[in-house]
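Subject: Structure for you to look at

Hello,

Here is the structure I said I would pass on. Please open it first, then read the notes below with it on screen.

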Amino acid sequence: LSERLSGVFDRLTKQGSLSEEDVKTALREVRVALLEADVSLPVARDFIKTVESRATGQAVTKSVTPGQQVVKIVHDALVETLRGEGDPGALKIDNPPAPILMVGLQGSGKTTTTAKLAKRLKDREGKRVLMASLDTNRPAAMEQLAILGKQIGVDTLPIVKGEDPVQIAKRAKTQAALGGYDVYMLDTAGRLHIDAELIAQAAAVRDVANPRETLLVVDGLTGQDAVNVATEFDDKIGVTGVVLTRMDGDGRGGAALSMRAITGKPIRFVGLGEKMDALETFEPDRIAGRILGMGDIVALVEKAQETIEAAEAEKMMRRMAKGQFNMNDLKGQLEQMQKMGGMQGLMGMMPGMGKMAKQVEDAGFDDKMLTRQIAMIQSMTKKERANPALLQASRKKRIAAGSGMDVSDLNKLLKMHRQMADMMKKMGKMGKGGMLKQAMK
Ligand code: GDP
Ligand code: MG
């Protein structure tokens, strides 16, 4: 998906302005990409419509390229759709004991999430939590919750054989009140597929417990199916929030968008692993970045650029101050320049570099050369990059051929490197009170 999008936006990035047709073309690809990320068809369609009207109405201007702007618009629309109202981590658990009902298909991560959430409430909010397993189908599931409870230091309702889920829920309620618990969590049984019995059981439990929160646990790796599950549970049981598990896997999270768009239910938490602390509150930004796969560009447009570039520049300056400047450093610098859209930007960031900029230019440097110069460095071996002095005639020929350039071009590059390295050395020798070290403070 991200490759596909990158391709499209690369094409757009290279153009000077963004026409309506360009937006349409790009969004056609975005639509396909969303579908590939398991976003359901009607949701993808709606989403594209929103973005299209927004993008077309908006002038493409200023410091970002048109392609980057489209990415940002797409991203923002995604975030907007994904974001629920209020703080996703704030559960309604006043008036103790507050019941939380956990529902979902078998294997979605209900039991694990129940324990993770209990731990979170205990650790972060100092709540006394009681957990109860209502999974009478599988005795092992009740054991599982008891074991997790011991592990995280949260009480579980003692297991009594022969009870049905409603009886267990009633006992949990009584026990929670008597025991002075703030919250009691009901971990229900699931099935592989939604069926009438599963729903009836969950509804019966809901009716006795009257849950303050009913959290639907959904495996983030399931695609289209997640929407049906969410719709069904919400219609029949009434869901107050969704937990997406297995987001540590490589699913793209398209289900999140569909579920959110179709059910309108807020996504509350995200499961990021099997460990008990692998639960985080839902951050629409992160999921949007994942669905789109273009977090980099979005960050760029959001001016994270400046910090990133500054950090890189600082790292390089540290090396320079030590008199180190090999071909890898040069390559890094050329790539920086490329990202910054030419040399002005980078030089501008570094105090006292104006003079060097001129020397580099005199050495036959122009911005169009960047790509070719980087290609030449890429054709060098690791050793050659670390130690350019190794570059004798035959090696030069090989590198020039490998990068489709002439040996004379390579010589220019080497000369540029030498001049820069010399200057670095001089600056490095300026010592403690030196300009570079001053600049780094
Ligand atoms: P339940 O049948 O819905 O109660 O599902 P479980 O809680 O028993 O979880 C099923 C499996 O999924 C277990 O092996 C869990 O460790 C695993 N699991 C649950 N949540 C996550 C998660 O966020 N990431 C990963 N990688 N595994 C998870
Ligand atoms: Mg379970």
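Helices and strands here are DSSP runs, helices of at least four residues and strands of at least two, numbered from the N terminus. In those terms the chain has 20 helices and eight strands. Please keep in mind that this is a predicted model.

Some overall figures come next. The chain has 441 residues, and 38% of them count as buried. Of the contacts between residues at least 6 apart in sequence, 76% join residues that are at least 24 apart.

The sheet

The eight strands form an open sheet with mixed pairing, in the order β3-β2-β4-β1-β5-β6-β7-β8. Which strands stand at the edges? They are β3 (155-156) and β8 (279-281); each has a single partner strand, so one side of each has no neighbour in the sheet.

One pair to find is Leu-130 with its bridge partner Asp-155 in β3. On to β4: β2 pairs with β4 in the parallel sense over five bridges, and Ala-132 stands opposite Leu-186 there.

Strand β4 (residues 183-187) is in turn joined to β1 by five bridges, and these two strands also run parallel. Here Ile-100 has Met-185 in β4 as its bridge partner. β1 also pairs with β5, in the parallel sense and over five bridges, with Leu-101 opposite Thr-214 in β5.

What is buried in the sheet

How many residues of β1 are buried? Seven of the seven are, so β1 is largely enclosed by the rest of the structure. In a regular strand, side chains alternate between the two faces of the sheet. In β1, Ala-98, Ile-100, Met-102 and Gly-104 lie on one side and Pro-99, Leu-101 and Val-103 on the other, and all are buried, so both faces are covered.

β2 is mostly covered too, with five of its five residues buried. Val-129, Met-131 and Ser-133 are on one side of β2, Leu-130 and Ala-132 are on the other, and all of these are buried.

Helices

Helix α9 (residues 224-236) lies across β1 (98-104), β5 (213-219) and β6 (241-245), and runs at about 165° to β5. α9 also meets helix α10 (residues 254-263): their axes come within 9 Å and cross at roughly 35°. The crossing is right-handed. The residues that meet are Ala-226, Val-227, Ala-230, Thr-231 and Asp-234 in α9, and Ala-255, Ser-258, Met-259, Ile-262 and Thr-263 in α10.

α7 passes α8 in a right-handed crossing. On the α7 side the residues are Pro-165, Val-166, Ala-169, Lys-170 and Lys-173, which meet Gln-201, Ala-204, Val-205, Val-208 and Ala-209 in α8.

From the record

An unreviewed UniProt entry lists residues 266-279 for "domain: SRP54-type proteins GTP-binding". Over that stretch the chain is 0% helix and 43% strand, and the end C-alpha atoms are 16 Å apart.

Regards

Definitions and conventions: Residues numbered from 1 in each chain as written. Chains lettered and ligands numbered in written order. Predicted model: local features only at pLDDT ≥ 70, side-chain atom pairs only at ≥ 80, totals over all residues. Buried ≥ 20, exposed ≤ 12 C-beta atoms within 10 Å, placed from the backbone. Contact = placed C-beta atoms within 7 Å. Pairing = 2+ DSSP bridges. Axes fitted to C-alpha atoms, helices over the stretch in contact; angles between N-to-C directions. UniProt positions renumbered as here; feature names shortened; annotations may be inferred. Left-handed = near helix turned anticlockwise from the far one by under 90°.
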